[in-house]
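Welcome! Please take a look at it, and then read on.

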Amino acid sequence: MRYWLMKSEPDEFSLEDLKRAKGQTEHWDGVRNYQARNYMREMEKGDQVLFYHSNCAEPGIVGLATVAREAYPDHTALDPEDPHYDPKSNPDKPRWFMVDVKYERALKRTITLTELKDYRTLKKMPLVRRGNRLSVMPVTKKQRDFILGLEKKIR
DNA sequence: GCCAACGTTGGC
DNA sequence: GCCAACGTTGGC
């Protein structure tokens with residue numbers, strides 16, 4: 001099993017939205033970055049996802065989810081009405097993919113980006129690197145265990 | 001709202 | 001293939 005971190009703007013799609021979704025499962029559409037797409041294609045059912053809220057008052061990791069379905073074509077790329085429409089996308093040769101993720105649980109507290117930047121263990125995560133905008137990234141077991149350890153720490 | 005960082009586009 | 005212009009991300 002592998003571990004991942006996925007970013008979402010809570011105004012668009014939050015952990016709460018995932019919790020409320022049918023079957024507490026939702027497809028992760030709209031990824032239009034090749035590196036992020038490639039990572040999604042590496043995901044396997046059962047992999048754990050750290051759910052990160054970006055572009056909000058308190059950016060940070062807010063919960064856990066699991067990969068419920070492996071990568072399949074992102075239909076929103078073919079829909080001209082969709083904000084993530086890609087005119088160069090072709091149904092016969094899908095360019096963009098998505099996975100399904102299932103809600104696992106909310107963390108007891110948000111582990112903020114500011115906090116994550118404090119630790120050497122996490123220094124190599126793209127998330128904490130200056131200027132990095134990757135929205136889907138792998139997390140090592142060591143990093144994942146360390147982050148979940150922070151959950152119990154009092155700020 | 002600002003703006004740094006980065007990816008993409010397209011002219012040449 | 002280069003690179004300037006442009007658009008987007010996302011922290012602050």
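Predicted model: local features only at pLDDT ≥ 70, side-chain atom pairs only at ≥ 80, totals over all residues.

- Let's begin with an open sheet of 6 strands, in which the pairing is mixed and the order reads S2-S5-S4-S3-S1-S6.
- The edges are taken by strand S2 (25–27) and strand S6 (136–139); each has a single partner strand, so one side of each is left without a neighbour in the sheet.
- On average, and with direction ignored, neighbouring strands of this sheet are turned by 35° against each other.
- Inside that order you can pick out strand S1 (residues 3–8) and strand S3 (residues 48–53), which pair in the parallel sense over 6 bridges.
- To locate this pairing on the model, look for Tyr3, which stands opposite Gln48 in S3.

**The helix that packs on the sheet**

- Helix H4 (residues 141–152) packs on the sheet, where it touches S1, S3, strand S4 (60–73), strand S5 (97–112) and S6.
- The direction of helix H4 makes about 40° with that of S5.

- Is Glu151 buried or exposed? This residue of helix H4 has a relative accessibility of 5%, and because the cut-off for buried is under 20%, Glu151 counts as buried.
- The side chain of Glu151 has a polar contact with the backbone, reaching the nitrogen of Lys108 at 2.8 Å.
- Leaving out residues up to four places away in sequence, Glu151 touches Arg105, Ala106, Leu107, Lys108, Arg109 and Ile111.
- One of these contacts of Glu151, Arg109, lies in strand S5.
- Arg109 is buried too, as its relative accessible area is 15%.

**Around DNA strand C**

- The residues found around DNA strand C are Lys7, Tyr52, Ser54, Asn55, Pro59, Leu113, Lys117 and Arg133.
- Of the atoms of DNA strand C that come within 4 Å of the protein, 71% are accounted for by sugar and phosphate.
- By class, the residues of the surface near DNA strand C comprise 3 nonpolar, 2 polar and 3 charged.
- Phosphate oxygens of DNA strand C take part in polar contacts: a polar side-chain atom of Lys7 lies 3.0 Å from one, and a polar side-chain atom of Tyr52 lies 2.8 Å from a phosphate oxygen.
- Arg133 meets a base instead, with a polar side-chain atom 2.6 Å from a base oxygen of DNA strand C.

**Around DNA strand B**

- Which residues are around DNA strand B? They are Tyr34, Lys88, Arg130, Gly131 and Arg133.
- Sugar or phosphate makes up 74% of the atoms of DNA strand B within 4 Å of the protein, and the rest belong to bases.
- The surface near DNA strand B has 1 nonpolar, 1 polar and 3 charged residues.
- Lys88 has an N or O atom in its side chain that is 3.2 Å from a phosphate oxygen of DNA strand B.
- In DNA strand B, a base oxygen is 2.6 Å from an N or O atom in the side chain of Arg133.

Technical notes. Residues numbered from 1 in each chain as written. Chains lettered and ligands numbered in written order. Heavy atoms only, no water. Near = heavy atom within 4 Å. Polar contact = N/O pair within 3.5 Å; in protein donor to acceptor, adjacent residues only side chain to side chain. Nonpolar A, V, L, I, M, F, W, Y, C, P; charged D, E, K, R; others polar. Pairing = 2+ DSSP bridges. Helix = DSSP H or I, 4+ residues; strand = E, 2+ residues; numbered from the N terminus. Axes fitted to C-alpha atoms, helices over the stretch in contact; angles between N-to-C directions. Contact = heavy atoms within 4.5 Å. Buried < 20%, exposed > 50% of the residue type's maximum accessible area, 1.4 Å probe, protein only.
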